[in-house]
Amino acid sequence: MDKFVISMATLRLFSGSIEIAAALFMLRLAQLDKALAVNSVLALVGPTVLILTTSIGLIGLADKLSWGKMAWIFAGVSCLLIGILKK
């Protein structure tokens, strides 16, 4: 298997584990204000994992993509992050 694919999948599995653990923690807390605080921390995890997995994938494809295509991918990821993070 490709080491980049393994890295990306491992990172996504780790991220999913964090999400599940946070959901269980929210249930254990059983208080809306504390659950909302846990959810706020998760808001940082999602975009960070998106950036890291995309970066790993792009590093793996760097020798196969032109600079123009890399710029389009970067622009697309930037638009996603702006859409997610901007209020």
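A: The side chains of Thr-53 and Arg-12 make a polar contact at 3.4 Å. The model is predicted; local features need pLDDT of at least 70, side-chain atom pairs count only at pLDDT 80 or more, and totals for chains, interfaces and linings use all residues. Residues are numbered from 1 along each chain as its sequence is written, and side-chain values use heavy atoms, with hydrogens and water left out.

Q: What makes the pair of Thr-53 and Arg-12 side chains a polar contact?
A: A polar contact is a pair of N or O atoms within 3.5 Å; within protein, one must be able to donate a hydrogen and the other to accept it, and residues adjacent in sequence count only if both atoms are side-chain atoms. The Thr-53 to Arg-12 value is 3.4 Å, so the term applies. The Thr-53 side chain also reaches the backbone oxygen of Leu-50, at 3.2 Å.

Q: Why is Thr-53 called buried?
A: Buried means under 20% relative accessible area, exposed over 50%, and partly exposed in between (1.4 Å probe, protein chains only). Thr-53 has 5%, so Thr-53 is buried.

Q: Which residues does Thr-53 touch, not counting those up to four places away in sequence?
A: Met-8, Leu-11 and Arg-12. Contact means heavy atoms within 4.5 Å.

Q: Where is Thr-53 found?
A: In helix H2, residues 32-61. Helices (H or I, at least four residues) are DSSP runs, numbered from the N terminus. H2 has 30 residues and reaches 43 Å from first C-alpha to last, close to the 44 Å expected at 1.5 Å a residue. The expected span is 1.5 Å times one less than the number of residues.

Q: What covers the buried residues of H2?
A: The cover includes helix H1 (3-29) and H3. Among the buried residues of H2 are Val-45, Val-49 and Thr-53.

Q: Why is H1 called roughly antiparallel to H2?
A: Their axes come within 10 Å and cross at roughly 175°. Axes are lines fitted to C-alpha atoms, for helices over the stretch in contact, and angles run from 0 to 180 degrees between N-to-C directions. Angles over 145 degrees count as roughly antiparallel, so H1 is roughly antiparallel to H2. The contact of H1 with H2 has 17 nonpolar, six polar and three charged residues. Ala, Val, Leu, Ile, Met, Phe, Trp, Tyr, Cys and Pro count as nonpolar, Asp, Glu, Lys and Arg as charged, and the others, Gly among them, as polar.

Q: How do you know that Ser-15 is buried?
A: Ser-15 lies in H1. Its relative accessibility is 7%, so Ser-15 counts as buried. Leaving aside neighbours within four places in sequence, Ser-15 is in contact with Val-45 and Val-49.

Q: What makes H2 roughly antiparallel to H3?
A: The axes of H2 and H3 (residues 67-85) come within 11 Å and cross at roughly 175°. That angle is why H2 is called roughly antiparallel to H3.

Q: Why is Ala-30 called exposed?
A: Ala-30 has a relative accessible area of 65%, so Ala-30 is exposed. Ala-30 lies in the loop between H1 and H2.

How values were computed:
Helix = DSSP H or I, 4+ residues; strand = E, 2+ residues; numbered from the N terminus. Parallel < 35°, antiparallel > 145°, perpendicular 65-115°, else oblique.
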